[in-house]
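Welcome! Here is a short briefing to read alongside the model. Take a look at the chain, then follow the points below.

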Amino acid sequence: SQLVQDAQRHGVAVHAVDINRSTWDCSLEAGEAGAAELRLGLRMVKGLSEEAGRRIVAERANGAYEGVQALLERSGLDRHALDVLASAGALRPLSGDRHRARWAVAGAEKPMPLFPNMARYEATPLLKKPTEGQNIVADYRSTGLTLERHPMCLLRRYLDRYHYVRAEDLSGIGDGRNVNVAGLVITKQRPGTASGVTFVTLEDETGISNVIVWRKIY
């Protein structure tokens, strides 16, 4: 997550896992202006085996997948693999948002000898779209990072009310002042040589702040 955010801050475009564009590993693509852009690989999807991921890519050489049912029939993926792909948003090109993708996966069926093709028409249900917060939580849960806004953005208006300071603004505050900070805990270290002191790194939408927690406070 931190590596991807750093790349984005340096102007590198990063694209989500895509069933029709991602290889197993993260890869580079040529953008419209010719600049290299990063495409997240299928390896980022938690719970997807490498064997299943490489099978997806190999079968895709015969043409892009046009639907979840076609994906199931061509790649032979099991229900678990389809579920984790849907949760990661990787099926967006086939079904739309995560809710629609999960619905499509629930209706996909393996072909039978008498009916080798199980494709059929069904009306699209009127499922409510996931909220931004739901998408962000699902991103972290399924791939360990998000390309949406940073989670702290969703809380910022409440934090501003209580004068929480953004990481990027800490350098302009004088020594000796009391400040409130908030963020995701991305590292927490308690070295044996530090006499019980804990070092915490917090991340918000503007950067990181380092917090020293004395033993009695910890």
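Predicted model: local features only at pLDDT ≥ 70, side-chain atom pairs only at ≥ 80, totals over all residues.

Helices (H or I, at least four residues) and strands (E, at least two) are DSSP runs, numbered from the N terminus. Residues are numbered from 1 along each chain as its sequence is written, and side-chain values use heavy atoms, with hydrogens and water left out.

**The whole chain**
- The protein chain has 8 helices and 6 strands, in the order α-β-β-β-α-α-α-α-α-α-α-β-β-β from the N terminus.
- Its radius of gyration, taken over C-alpha atoms, is 22 Å, whereas a compact globule of 218 residues would be near 17 Å (by the rule 2.2 Å times the number of residues to the power 0.38).
- Along the principal axes, the C-alpha atoms fill a box of roughly 75 × 40 × 35 Å.
- Of the 218 residues, 36% are buried; buried means under 20% relative accessible area, exposed over 50%, and partly exposed in between (1.4 Å probe, protein chains only).

**The largest nonpolar core**
- A nonpolar core is a set of buried Ala, Val, Leu, Ile, Met, Phe, Trp, Tyr and Cys residues joined through side-chain atoms within 4.5 Å.
- The largest one holds 30 residues, and Ile19, Leu48, Leu71, Leu77, Leu85 and Leu91 touch the most other members.
- At least two residues of this core come from each of α2 (50-60), α3 (68-75), α4 (79-87) and α6 (98-107), and α4 gives the most, with 5 residues.
- Leu77 is in contact (heavy atoms within 4.5 Å) with partners beyond four places in sequence, including Ala52, Ile56, Leu71 and Lys110.

**Helix α4**
- Ala81, Leu82, Val84, Leu85 and Ala86 are buried in α4, and the buried residues of this helix pack against α2, α3 and α6.
- Gly89 follows α4 and has a positive phi, near 80 degrees.

- His150 is buried, with a relative accessible area of 9%, and beyond its neighbours within four places in sequence it is in contact with Gln5, Leu184, Glu203, Asp204 and Glu205.
- Arg156 lies in helix α8 and counts as buried at 6% relative accessibility.
- Beyond four places in sequence, Arg156 is in contact with Tyr164, Arg166, Asp204 and Glu205.
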